[in-house]
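Please open the model in your viewer and keep the sequence panel beside it. The stops below say what to select next and what is to be found there.

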Amino acid sequence: MATNSFHNSAQKRLLAMGGVFVLWTLAVVFRLVNLQIFQYRDYSDREAKQHDRYIPLAAKRGTIYDRLGHELAASVMVESAFIVPGEAPDLASAVSLVTGITGDDPHVALANCQSGKTFCWVARKADAETIQRIRNLNLRGIHFQREPKRYYPQKELAAQLLGYVGDDQGLSGIERLYEEQLQGQPGAMVISVDARKHWYNRTETEGEPGSNIVLTIDEYIQYVAERELERAIQETHAIAGTVIVMNPRTGEVLALANWPTFNPNRRKAITNEGLKNRAVSDIYEPGSTFKVVTVAAALEEKVTKPDEIFDCQMGKIVIDKVTIHDHKPFGLMPVSDIIAHSSDVGAIKIAMRLGDQRFYKYIRLFGFGQPTGVELPAETRGMTKPVERWSHMSLAAIAMGQEIGVSPIQLAAMMSSIANDGVWLPPHVVAGTVEPKNSPQQIMFHPSEGRRVLSPVTAAQMRQMLQGVVLHGTAPKAILEGYSSAGKTGTAQKLDPATGTYSKTKYVGSFAGFAPVNNPALTVAVILDSAQGLHQGGQVAAPVFQRIMQQVLEYQHVAHDVEISPDRKLLLARRNAKTGDVAEDSPDHLGATLVAAETPDHVSSAVARTPVIATKMQPAANHWQEKEEEVRPLGEPTVPLTAPATKLAGTVVFDQESVEVPSLVGKSLRAALEISSAGGFDLEPMGTVGVVKEQAPPAGSRAPAGSRVVVRLGK
Amino acid sequence: MPKRVSFDRWLFITTLLLIFIGLVMIFSASAVMAKERFGSPYGFLLRQLVGAAIGLALMALTMHIDYKRWKSPAAVFSLMGVTTLLLISVFFLDRAHHTHRWFRFGPISFQPSELAKPAIILFLAYFLATRVKTMTDARNTLLPAVAPTLMFVCLIVFQPDLGTALACLGITACVLFIAGAPLQYFGFSFVFSLLPLYFLIWKFPYRMARITAFMHPDRDRLGAAFHINQSLIAVATGGMGGKGLMEGKQKLFYLPEPHTDFIFAVIAEEFGLLGSMLVVALFAIFLWRGARVVFRTQDPFGRYLAAGITSMIALQAFINVSVVLGMMPTKGIPLPLVSYGGSSLVVTLASIGVLLNISRQTE
C-alpha cells in the first residue's frame, strides 16, 4: 500500500501515546498505593481530628467508705446538657433560655458556645428538675449526657479528710491524694461532625470505674468527735479546733475533725479556712504537752526517776539572762508532779540533764520534724530546728514546748506511742482500696512497722505519771466514768505574727491523752485555737477529751476498769431508761456519753436516723487480753456486751455483699463448725480443746460469704 | 471492503460497568445532600438514571448507524453550528451564579460545552481525513483544523469553564498527534498558549489559589488547600478494602462535589485500594480497546474519530483521577460515565456508540 510509511509513523505515534498513558496509569497506581497503604495512618489521624470531637467523660468515681462500709463519698449518675451550636437554629436564644433555667450568666455561656463551636456544656451535672425543664424546652441542638456527680451523704462529716471534687477531679483531702485510684479510666463521648458542624454520629465509651477506698475512720466516732468539737467551739468561742481519735495499738485514725468546716456538696460555699485540714497541715507551738517528750526522754535515758525530787525554785529560773516564770510558784516536787502540775522550771531542769543532743534525738524519735506519712495531702513536717542551730535558750524553750512547731497528728502519734508501750506507729486514715467488683471482698488493715522510742517500762511509768495529770493535776476535767484516763494539758501563747512576740490574749489550749491507762484503747488529741475567756488546755480541751473518750469507749464496748459508785450506777440506769431526752447542757457529762443525743443540725441526720447498732460494730481496739487480765474490770460492765471483744486487732471488715457472722462463742468446735458452715463461712480453729473463747470477725459483724472465721478454743 | 465483525465487547461491557459503578456511587455520595436539596435521597440518582437511559438509548442507536454516514458536511457542520449557537446563547439565557454553563428547561438542564467535545472530534476527523497527504501544511491543514477548536475554547473559557476548555484542547492535540501533525507545532502551540494561560490563571485569584494549593497542599489546609486535602483524606482513609458502601464520611460536606468531580475520592474511600484500582483498570481497558480500534481501522475518518472519542474519555478520566489524588491542580473535569451529570453521560454514551460502530468495521 502507498500509505505504508505513513502507517508506520502512525503506529509509532499510537504506541508513544499508549506509552504515555501506561506511565500515567502507573503513576496513578503508585499514588493510590502510597496514599491508601502507606499514608493510611497519617490520614486516618487527620480524618479523626476533623470529624471526631472527643469529650472525656469521667468514669464512675470510687466510693469512699468508713471502716464499717458506710458510704462517706459516693458518685451518682446525673445528667448534663450540652449544645451543638451548629444545630441550633438560634444559638443566642437557645443559650439564654437554658441559662434562664440554670441561673448562669447568659453572656459567659454564649461566649463559651461560640468559641467551642461543635460542642459546649450548658448545664453540667444539674439536678433532675433543671434537666427536665431544659428538656421541656425541646430545643434543637440541645442534647443530654449522663455523668457521675460526687455526693457526700453525710454532708460536713469528715469534710477536710475526704476533701471534695471539682468538675471531675479531687481537689483536696483523700479525694485529691487518691485521685488516680478513685477516678478509674475515664470514658469518652465521641461526636462525629460533618463539615457544617452538624453531628451525624455519637458514640460513648464507658470508663472503668475507679477503686473504692476504705478508711480507718468510723463514721460514728467521727460524728461524735465533730459534735463535741463544735460544742466546744460554741462554748469557748475558739476560732478553730482539731480533734483526732486514734487507736494507739495500730495507728488507725478513727476520727479526724476540724473546725471550721464545710459542706463538700455545696462547692460554691467552700472557704479556704473551712478547707484547711488543721490536723495535718497546721503548725502550732505545743506548749506543755511537749513536756511529755522531755520527761519521757529523761526517764528512758535514766537521767531521772519518776519519784526524784526537783527544786522548782519557787517558779523562777534564769537561763541565759532570761528569767522564766512558772504559772504558779512550785517548791520541791517529784518528777511526776512536775508533769501533773506542768512546771516549766522543773521541765527545764530535767531537760538540762539530758542535754541538747539527747533531747533532740528523742524529739525526732517521737516523729517531730517529719511528716507522719498519714494518707492526707499537704501534711506539714512541723518546725524543728536542727540541733546545730539551737541557741542557749533552745533547750529550755523546747523543754516546755516553745520554739518548736508541731502538727496535731504528730502530737496524737506521740501520745499514742506512750499508750502503745513505747512503740511509735505511723498514723493511717486509709485501710485499703477495694476493686469496684460486685463480689464480696474483705480487707485487712495491717499496722505499719513501728519504731521503738521508749522501753515498755518507761512507757508504763509515763502512763502512770500522765494519769496523775488527770487525777490530781491540771486536767481533772478529763476524768472518765468507769475508765481510768491519762494525758497532758497544754496552753501555749500564740506567737503574734505582727509583733513577733507571744500574745497575751491568744492561746492554744490542748489536751492529748488516752484511756484506759493500763491498756489504752484510744488516744484522743484536742486542740482549741484562741479560746476566749477560759483558755487553758485543762479547762477547755480536757472536757472535750472527756466527752469524746467516754462515748467512744462505751461505743467500742471497752471493758470498764474503774468501779462506778452505786449512786452513779443508779443515775446511769435512770438515764438509760429514758434514752434520748437528756438535756444537752447537763452539768453531768455522763448522760451524753451513753446516748447519741440530739443531733446538731449541721451534722448529718443520717447518723441519727440509723443509729449504729452494737451488733454491727467492730471493736477497733481492745486487744492484748493477756495483759487485760491483770487489770480486770473493777466493776461489772454497765452495758451488756453483745459481742465478745476480739483480740485480732485492726480488722476492718468491709462489706459490699456480706452476711452476718454468727455467734460462735461458747460453742464446741463441732457446733461452731456446723453453725459456720450453715452460714457459709469457713472455720479456722485455733486450738482443739474446750469451747470457743473468741472469734474474728465478731458475731453480728458482716463479712463476705465464704470468708474465714477464726476461732480460738480454750477451757 | 472491511469485513463486518461484531462490535468490541470489552468496550461495551466496560462502559456498562462504569455506568453501574457511577449510579451506585452517585447514590452513596449524594444521598445526604440530595435529601437536603430535594427532600429525597434519590434526587441525584433518579436524574442520573434518566440520563443513563437516554444515553444508552442513543448509544444503541449510534452503534447501529454506520459511522461513515457522519462523514458528510451536513452532519458535521450542523453539529458545529448547533454547538456554536448553544455556546453563544448560553451567555444570554443563563445568568445564574455569574456562570453560563447550563440551559434549563424545567427539570431538564443541558450543558452545551459537553456537546463541543464530540463536535470538535467529528470536525477534526472529517477535515483531517480530507488532508491526509498534506498533514505538514500549516496554513491549509493545521490552522483550519484548529480554528473551530479555538473558537469553542474561547467561548467555553468565558463561561467560565477552564476545565472543559482544556479538555477540548487536549482532545484536539491527541487527534492531531495521531493524524501525524509535525511534532514541532505541538511545541509552538504550547509556547503560544502560555500567554493566555498566564492571564487565565494569574489574573483569576481562585485559579491561582488552586495552583498554589496544588504546589503546597500542607500550607493552607483550611483555606485554599481544603478541597485537595479533604480529597486526599478520603482516598487515604479508604485503605486496602475501604469503609464499605455508604460508609464514607468525607462526603459529608468535607469533599467538594462528592458526586461529580470528586466521585473517585468517594469510591476510593468506600472501596479502598481494590475499588479504586478496579475503576482505574476499567478505564485502562477502555483505553486499550479504544486504541486497538484506532490501530485496526484503516479508514482515516474512522481512525481519527475513534482516536478522538477514546482520548476524550481517557484524558478526562485520567485528569480527573490525577486531580483527586493531588497529582494535578483542581480543574473541574468530571469522571466520564461515573460522575453525576446528564449532559456529559448522554454525549459520552452517544460517542461510545459511534466508537462501537467503528469497532465493528475494523479488519
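In this predicted model, begin by selecting helix α4 (residues 112–129) and helix α5 (residues 138–157) of chain B, whose axes come within 10 Å and cross at roughly 175°. Because angles over 145 degrees count as roughly antiparallel, α4(B) and α5(B) are therefore roughly antiparallel to each other. To see where they meet, show the side chains of α4(B), among them Ala116(B), Ile120(B), Phe123(B) and Phe127(B), together with those of α5(B), including Pro144(B), Pro148(B), Phe152(B) and Ile156(B). Sorted by class, the residues in this contact are 12 nonpolar and four polar, with no charged residues.

While α5(B) is still on the screen, move on to the loop between α5 and α6 (162–179) of chain B, where Pro160(B) is found. Gln159(B) and Pro160(B) are joined by a cis peptide bond, with omega about 0°.

Next, display chain A beside chain B and look at the contact between them, to which chain A gives 34 residues and chain B gives 54 residues. The two chains bury about 3900 Å² between them, and 69% of that lies on carbon and sulfur atoms. Which residues form the one salt bridge that the rule finds across this interface? Select Glu47(A) and Lys243(B), which form a salt bridge whose closest N and O atoms are 2.4 Å apart. On the side of chain A that touches chain B, the elements that give two or more residues are α1 (4–38) and α2 (40–51) of chain A, and the largest share, 20 residues, comes from α1(A). That side of chain A divides into 19 nonpolar, eight polar and seven charged residues.

Staying with chain A, select Glu175(A) and Arg61(A), which form a salt bridge with the closest N and O atoms 2.8 Å apart. Glu175(A) lies in helix α7 (residues 173–177) and Arg61(A) in the loop between β1 (52–57) and β2 (64–65) of chain A, so the pair ties together parts that are 114 residues apart in sequence.

The last two stops concern the backbone of chain A. Most residues other than glycine have a negative phi, and most peptide bonds are trans. In the loop between α9 (219–236) and β9 (240–246) of chain A you will find His237(A), where phi is near 60°, a positive value in a residue other than glycine. Finally, go to the loop between β19 (502–515) and β20 (522–529) of chain A, the place of Pro516(A); a cis peptide bond joins Ala515(A) and Pro516(A), with omega about -15°.

How values were computed
Residues are numbered from 1 along each chain as its sequence is written. Chains are lettered from A and ligands numbered from 1 in the order in which they are written. This is a predicted model: local features need pLDDT of at least 70, side-chain atom pairs count only at pLDDT 80 or more; totals for chains, interfaces and linings use all residues. Side-chain values use heavy atoms; hydrogens and water are left out. Contact means heavy atoms within 4.5 Å. Buried area is the accessible area (1.4 Å probe) that two parts lose on being put together, summed over both. A salt bridge is a side-chain nitrogen of Lys or Arg within 4 Å of a carboxyl oxygen of Asp or Glu. Helices (H or I, at least four residues) and strands (E, at least two) are DSSP runs, numbered from the N terminus. Ala, Val, Leu, Ile, Met, Phe, Trp, Tyr, Cys and Pro count as nonpolar, Asp, Glu, Lys and Arg as charged, and the others, Gly among them, as polar. Axes are lines fitted to C-alpha atoms, for helices over the stretch in contact, and angles run from 0 to 180 degrees between N-to-C directions. Angles under 35 degrees count as roughly parallel, over 145 as roughly antiparallel, 65 to 115 as roughly perpendicular and the rest as oblique.
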